[in-house]
Each structure stands twice: as C-alpha cells, then as structure tokens.
Amino acid sequence: MLSDKRILLIITGGIAAYKSLDLIRRLQERGAKVRAVLTNGGSQFITPLAVGALTGDTVFTELFDREAEHDVGHIRLSREADLVVVAPATANIMAKMAHGLADDLASCVLLANDKPVLVAPAMNSKMWSHPATQRNVAQLKADGLHFVGPNAGEMAEKGEAGYGRMSEPLEIVVAIEDLLSPKDLPLKGKRIVITAGPTHEPIDPVRYIANRSSGKQGYAIAEAAAEAGAQVTLVSGPTILADPKGVETIRVESANAMLAAVECALPADIAIMAAAVADWRVAHDSNQKIKKDGSGLPPALNLVENPDILKTVGHLQDKRPKLVVGFAAETNDLIANARGKLERKGADMIVANDVSPENNVMGGDNNTVRLVTHGGVEDWPKMGKDEVARQLVQKIAELS
Ligand code: C5P
C-alpha cells in the first residue's frame, strides 16, 4: 500500500524509459502520487506529454526553467517527496551521482535531495559490468542509496545478453513498498475475512428485501486492516462504495451467497462480521415478476430464516479463526443483547452500537461503539467510522 506516498520519479535516457510509463500507473493504482523529472536523454525515448498525461502534473525537464523554478524549484522537488526513484538509471546518471555532479535538473535534484533514493539501473551489460560502473554502484550503496535490479536477459542490442535490463515495473513497486511501508505493521502476515453491507433477498426478478446498511463501517475496517499489513478478503453485500484499497473484495447479493464466500475465504486468523445480514429470505422467490391478480389481495410472502454467518464461523470445529468479532446493532438493551450474542454466536468480541434513528449510524459517517468481550465492556466516544476502524484494528491486533 502506498496511500498518499509522494514519489519523485527521475526518468533518464534508456530504452527502458517506456517501462516507466507503466511504473507510474502501477504506483498510482496503489494510491501513490507521482511527480516526474525527465532528462534530455529520457525525452529522446518518451515524451514529456506522455509522462505528464499519466502523472497529471507538470513534467520537470529544465534546470533553468524560470516558470518551473517559480512554481516548485529544484530543491522543493525532493522536499515534497517521500522517495526519489531513478528509473531507468543510466550509467551516466549513476556516475554523476557518485561524483556529485549537478549539471542538469535531475542531477541537481539528486544532489540537493534529503530523501531515500531507489535506483533501477538499465544499460547494456558491458556498461553495467564495466569497472567504472561497478565502482560507482559500490560508492552509491556506501552512500546509502538503494538498488533494484538490473535483471539478466536479452539486451535491446541484437544478440547481446547479460545483466543490465531494468527490473519490471511491479518489481520496482515491491522495492518501493519495502522502503516506504514500516516493517512492524501490527497485522502483518494475518489473514482476515470481513463481511460488510446489507444483503438483498430476492422476492422476484425485480424486487428484494433489504436494509439500510451502507457498508461504510465494514469497508473502513477492511481498509484499516490492510493498512495494518493484513491480507484482507472483504465479502460485501450490495453497496455503492468502491473496493477498499489493497483488499480482495468479493461482491455478493444474498445471505446464502455471503456465507458461501466466507467459507471459501477460510482459513483465516481473524473474522470480523460487520454485515447487516437479512434474518429472513423469501422461501420460494419467483422467477417471474409477481403481478397483481385483480383480487385486491396482496401476495403472501413466506419467509424462512437465513443462515447465521457469525454463528456458523464462531462454532466451526477445525477452521474457526482464532479471533471472531461480531457486531450488534440495537435500538434497546444494547449491552444485554450484545452479551447474549457473544455467547450464542461463539464470538470473542461484539462491537455494539445503538442504531436508534436519532444517532444516524445507519448510512451516517460517525459511530459510538461499546466493545463487549468475555472480560467486560469498553465504552468508546463518538468517532468517525474511519477512526473507529483504525482503533478497532489496533485492538484486534493486541488480541490476536
Ligand atoms: O443477530 P444479529 O443480526 O443482531 O447479529 C448481528 C451480528 O451477527 C453481526 O455481526 C452480523 O454480521 C452477524 N450476522 C450474521 N448472519 C446473520 C445475522 C447476523 O453473520 N444471518
């Protein structure tokens, strides 16, 4: 995850520059903001127009560009970044960096830089293995710069092969993530399955039974858990929300489909069942639209109980996650009801909230929750659903 990380990408003159266009996209997909510097050499291979169309920002090319200096300035370019990435990095830019030359915008930015630097070399294999280049690489490593690649393979020059190919964009992304995301993430290595949103129980092809759940709280938990390093599967009922970043999202309609998707996502270390699952479904939904029959009598809807997903997961014999968390949305007797659910459903924790209309929880952005465990009750103040999610993830990390 690279949410809101600012990357300054310096593209120097190598044929691998075309891969940097893809790199920009891959970084943006992970939430990063990318700004680019293109050297003269780089612009022989790709155009500032193509780079700018992808970054959606000015492409910085000239050291003595009065307008760019006025807007940003070569010093601020690195100050406003979390990481500087040189991809592709030619033998020439590495030589300049190793010796502190600053005769164009890229080398000047790199000399004035106070942020970590990742270098992705790309050059002919003879240039890479040349003692001068190897001396420069050793110097740059001693100076604390990080490297990814180069890889071995065919060169752009016909018939030549060896080390010198730039790493693929996704390899560079992984190297960037390793540098930017803290290693001690509280849920690193944990698998979590989360349910969220309402379910829709069909009556006929055009009608269904639903509820007012927006899915916001469950989605916020999924995103916070992913940010905390967990591998998250979100099983979501119908919502208008976008898939949370870094989360595998599986969309379902009915309670039965939600249960099946949850079972598929097991085994997991933690289950958080935040969905507002419909308690009942229509026993036999019609495969044709039900019509008024002229009698003035409404059709009778026979309801049957849906499977209880939380209860099923809480009572699993071999695949029960170590920590099972449920929610209790109530309008009265909040704690007593939550305690009852903790027992009945085999959960380790119930996040209880009062969904009386005056609290505007269903669909709203805030939540006031009370955590009910076998050890007692913890009251939390009113917070945004995002903050509830972050604190809940912290709590879950402590317990798991
Ligand atoms: O029984 P009640 O619906 O109030 O319980 C709420 C908790 O149980 C929530 O965590 C909800 O996701 C879960 N639940 C479920 N499957 C159901 C009903 C509720 O997983 N059919």
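Where is aspartate 333 found?

Analyst: Aspartate 333 is in the loop between β17 and α13, the latter spanning residues 334–344. The model is predicted. In it, aspartate 333 has a positive phi, near 45°, and this residue is not a glycine. That is worth a note because most residues other than glycine have a negative phi.

Two elements give two or more residues to the ligand shell: α12 (309–314) and β17 (323–330).

Now the shell itself. The ligand is surrounded by Met273, Ala275, Val277 and Asp279, then by Pro307, Asp308, Ile309 and Leu310, and also by Gly326, Phe327, Lys341 and Lys345. By class, seven of the shell residues are nonpolar, one is polar and four are charged. Asp279 sits in the loop between β14 and β15 (280–282).

Next, the backbone contacts. A backbone N or O atom of alanine 275 lies 2.6 Å from a ligand oxygen. Leucine 310 also places a backbone N or O atom by a ligand oxygen, here at 2.8 Å. On its own, the ligand has 440 Å² of accessible area, and the protein covers 86% of that. The space the ligand takes is the largest pocket.

How does the record compare? An unreviewed UniProt entry carries a "binding site" annotation for Asp279, Lys289, Pro307, Asp308, Ile309, Leu310, Phe327, Lys341 and Lys345. These residues spread over 67 residues of sequence, and in space they reach up to 37.3 Å between C-alpha atoms. Of the annotated residues, Asp279, Pro307, Asp308, Ile309, Leu310, Phe327, Lys341 and Lys345 are included in the lining of the largest pocket.

The unreviewed entry also gives a domain, "DNA/pantothenate metabolism flavoprotein C-terminal", over residues 187–398. That stretch is 25% helix and 28% strand. Its end C-alpha atoms are 9 Å apart.

The peptide bond from leucine 266 to proline 267 is cis, with omega near 5°. Proline 267 belongs to the loop between α11 (255–265) and β14 (270–273). A cis bond also links alanine 87 to proline 88, where omega is near -5°. This proline, Pro88, lies in strand β4, residues 83–89.

Aspartate 4 is not a glycine, yet its phi is about 60°. This residue, Asp4, falls in the segment before β1 (6–11).

Terms used. Residues are numbered from 1 along each chain as its sequence is written. This is a predicted model: local features need pLDDT of at least 70, side-chain atom pairs count only at pLDDT 80 or more; totals for chains, interfaces and linings use all residues. Side-chain values use heavy atoms; hydrogens and water are left out. UniProt positions are given in the numbering used here, feature names are shortened, and annotations may be inferred rather than shown by experiment. Helices (H or I, at least four residues) and strands (E, at least two) are DSSP runs, numbered from the N terminus. A residue is near a molecule or strand if one of its heavy atoms lies within 4 Å of it. A polar contact is a pair of N or O atoms within 3.5 Å; within protein, one must be able to donate a hydrogen and the other to accept it, and residues adjacent in sequence count only if both atoms are side-chain atoms. Accessible areas come from the Shrake-Rupley method with a 1.4 Å probe; for residues, only the protein chains shown count as cover. On a 1 Å grid over the protein atoms alone, a cavity is a set of points where a 1.4 Å probe fits but cannot get out, and a pocket is an open set with protein on both sides within 12 Å along at least five of seven lines; lining residues have an atom within 4 Å of a point. A molecule sits in a cavity or pocket if more than half of its atoms lie within 2 Å of its grid points. Ala, Val, Leu, Ile, Met, Phe, Trp, Tyr, Cys and Pro count as nonpolar, Asp, Glu, Lys and Arg as charged, and the others, Gly among them, as polar.
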